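Please keep the viewer open as you read.

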Amino acid sequence: MDRPNEFEEIGHTGGKVTFTITTDKEGRRSYQLGFTHARPVASVMTGVYAIAPGVPVATMSLGGLGQPGSAPPLPGCLPVLIASDSQGKFGHDCPTCGRYWRSGPWPNLCPYCAIRAEGYQFLSKAQLRYVRHYFAVLSQALDAEHDGEAMIDMDAVADAAGKEGEKPAFYVSEQGQQRKFTCGACEEFNDILGRYGYCSSCGTRNDLADFEGETVSKIRERLNSGAAPEDCVRDAVASFDSYLAQYAKQLAELVPMTERRKRRLTAQAFHDLQEIRTTLSGWFDMNVCDGMDDREVEFVAQMFLRRHVYEHNGGEVDQKYLDRSGDTSVRLKQRIHETREDAHRLLGSLVKMARNVHGGFHELFPPFVDPIKAFAEKKARMAEYAKRDR
């Protein structure tokens, strides 16, 4: 069952675009572009340059605060204003995998397949219809024999959201997805299908923030509330298995490799710490246990093996566990237990390992520097302002 607000229609912000056409003494036609907005919702404005019959060819910078806007990249280009949805966000479609998401106006890559492209190449299908309509209205007004005003009424588009009946030909609305997150590296908003993906602005994956901020935190809360440590150990190792599988899937898709290696990364679990270390280090130079001493590594390896005992044997030791773990503190058929302290210790180690995997992956596939740098500079300015106000 879908959660509330999943896949909800999000109406356009509305507003009116006007073109005031005039003819000078030499017979040259020109126009003034205007936009008005009076609805009590969020509104963000951006734009593209398009050529006939309404094909976007470049992102348009609107300028502001003394900064000029960007120049047309080709002769015959017309500027097309594009407004956000009523939450101040924009829908996007990937030109490669075809999947949809919402974020700010200009993504740098697809959050699903990680293809990199110019922002205007990620316009949604609805926005592309609107661009063609916009281009047609402006072109017809310029080609007319008389001066005057032409208008595109986006308030009518906004009013049509969620209602039955015929929609405007250039109808634009967006759709909420399942996982809304703000990237910790660049502070961009993303709304994607599923749980995991890349930030569409800087390319940082959200798996680590999800693992630390939600999965591990919730297991710690359960431990502190009296949950069985054995259950928490089982769930912690299973969650790390799922976490690692997300990166393994990306590596299989993005790195050229043999079918045998692809099958290992996509069709097998990650329950054996030694095998995990060998695979990631040997294939990708990724040290999953970086910063951990031998005692910590041995402890985690044992907890990985105990996960099998809790999940499949009801907590009773089997011969497989004895052979693989070398654990002489227990005997065959003995029911084993964990302490709350050891469960917390395991969670701390898993976070270290998760960070190592995340860092190793992004060493192979570095995020975009500019969005991250801009966010860091913004934080520094805010910190400086806060210091002055004290």
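The report below starts with the sheet and then turns to the cores.

This is a predicted model, in which local features need pLDDT of at least 70 and side-chain atom pairs count only at pLDDT 80 or more, while totals for chains, interfaces and linings use all residues. Residues are numbered from 1 along each chain as its sequence is written, and side-chain values use heavy atoms, with hydrogens and water left out.

Four strands form an open sheet in the order β7-β8-β12-β11, paired antiparallel. Strands here are DSSP E runs of at least two residues, helices are H or I runs of at least four, and both are numbered from the N terminus; two strands pair if DSSP finds at least two bridges between them. The edges are β7 and β11, each pairing on one side only. Four bridges join β11 to β12 in the antiparallel sense, and Arg-179 has Ile-192 in β12 as its bridge partner.

| Strand | Residues |
|---|---|
| β7 | 90–93 |
| β11 | 179–182 |
| β12 | 189–192 |

Now to the cores. A nonpolar core is a set of buried Ala, Val, Leu, Ile, Met, Phe, Trp, Tyr and Cys residues joined through side-chain atoms within 4.5 Å, where buried means under 20% relative accessible area (1.4 Å probe, protein chains only). The largest one has 52 residues, of which Phe-240, Phe-304, Leu-346 and Met-353 touch the most other members. Its largest share, eleven residues, comes from α4. Apart from it lies another core of 33 residues, including Phe-90 and Tyr-130.

Terms used. Buried means under 20% relative accessible area, exposed over 50%, partly exposed in between (1.4 Å probe, protein chains only).
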